[in-house]
Amino acid sequence: MKGIGIFSLVFIVITSNVFTSHSAGPSEERIRSAYRLILSEADTNKDGKLSVSECKAGYEDPAMADKNCKYWDADNDGVITEDEYVKQGMSFGKKK
């Protein structure tokens with residue numbers, strides 16, 4: 001996967017109809033589904049975890065990879081967990 005990266009693309013595809021019909025953002029269930037789909041595709045070493053390096057492998061642009069993968073790894077431990085992905089995803093569409 002090139003360009004915006006699998007994390008962002010899957011999130012956008014799975015939640016796209018939510019943004020047009022609900023201003024509150026995507027549901028937790030949809031975000032969890034997106035994460036599980038990403039895990040099945042991006043977990044190249046099949047350890048059941050998504051490392052930042054596995055996330056970055058999905059990008060063509062290193063600067064974009066660094067920025068986006070750091071966003072999903074909210075606690076900066078080098079692993080993007082389902083809970084982190086949900087927390088970050090739930091913030092999409094929320095008014096600040």
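## Salt bridges

A salt bridge is a side-chain nitrogen of Lys or Arg within 4 Å of a carboxyl oxygen of Asp or Glu. Lys-70 makes one with Asp-66, and their closest N and O atoms are 3.3 Å apart. This is a predicted model, in which local features need pLDDT of at least 70 and side-chain atom pairs count only at pLDDT 80 or more, while totals for chains, interfaces and linings use all residues. Residues are numbered from 1 along each chain as its sequence is written, and side-chain values use heavy atoms, with hydrogens and water left out.

Lys-70 and Asp-66 are four residues apart in helix 4, so about one helical turn separates them. Helices here are DSSP runs (H or I, at least four residues), numbered from the N terminus. Asp-66 also meets Lys-56 in a salt bridge, at 3.1 Å from N to O. That pair links distant parts of the chain, as Lys-56 sits in helix 3 and Asp-66 in helix 4, 10 residues apart.

How exposed are these side chains? Buried means under 20% relative accessible area, exposed over 50%, and partly exposed in between (1.4 Å probe, protein chains only). Lys-70 is partly exposed at 48%, Lys-56 is partly exposed at 32%, and Asp-66 is partly exposed at 26%.

The whole structure holds six salt bridges. Another of them brings together Arg-32 and Glu-28, at 2.9 Å from N to O. These two are four residues apart in helix 2, so they too are separated by about one helical turn. Glu-28 is partly exposed, with 39% relative accessibility.

## The disulfide

A disulfide is a covalent bond between the sulfur atoms of two cysteines; here the cut-off is a pair of cysteine sulfur atoms within 2.5 Å. How many disulfides does a search of the whole structure find? There is one, and it joins Cys-55 to Cys-69 with an S to S distance of 2.0 Å. The bond links distant parts of the chain: Cys-55 belongs to helix 3 (residues 52-56) and Cys-69 to helix 4 (residues 62-72), 14 residues apart.

The torsion about the S-S bond of Cys-55 and Cys-69 is about -85°, so this disulfide is left-handed. Both Cys-55 and Cys-69 are buried.

## The loop between helix 3 and helix 4

Asp-61 lies in the loop between helix 3 and helix 4. Asp-61 is partly exposed, at 36% relative accessibility. A polar atom of the Asp-61 side chain lies 3.0 Å from the backbone nitrogen of Ala-63.

## Aromatic rings

Rings of Phe, Tyr and Trp (its six-membered ring) pair if their centres lie within 6.5 Å; planes under 30 degrees apart count as stacked, over 60 as edge-to-face and the rest as tilted. The structure has three aromatic pairs. One of them is the edge-to-face pair of Tyr-71 and Trp-72, at 5.2 Å centre to centre with 80° between the planes.

Is Trp-72 buried or exposed? Trp-72 is buried, with a relative accessible area of 1%, whereas Tyr-71 is partly exposed at 29%. Ring pairs also link Tyr-35, Tyr-71, Trp-72 and Tyr-85 into a cluster.

## The nonpolar core

A nonpolar core is a set of buried Ala, Val, Leu, Ile, Met, Phe, Trp, Tyr and Cys residues joined through side-chain atoms within 4.5 Å. The largest such core has 15 residues, of which Leu-50, Ile-80 and Tyr-85 touch the most other members. Helix 2 (28-42), helix 3, helix 4 and helix 5 (82-90) each supply at least two residues of this core. Helix 2 gives the most, with five residues.

Methods: Polar contact = N/O pair within 3.5 Å; in protein donor to acceptor, adjacent residues only side chain to side chain.
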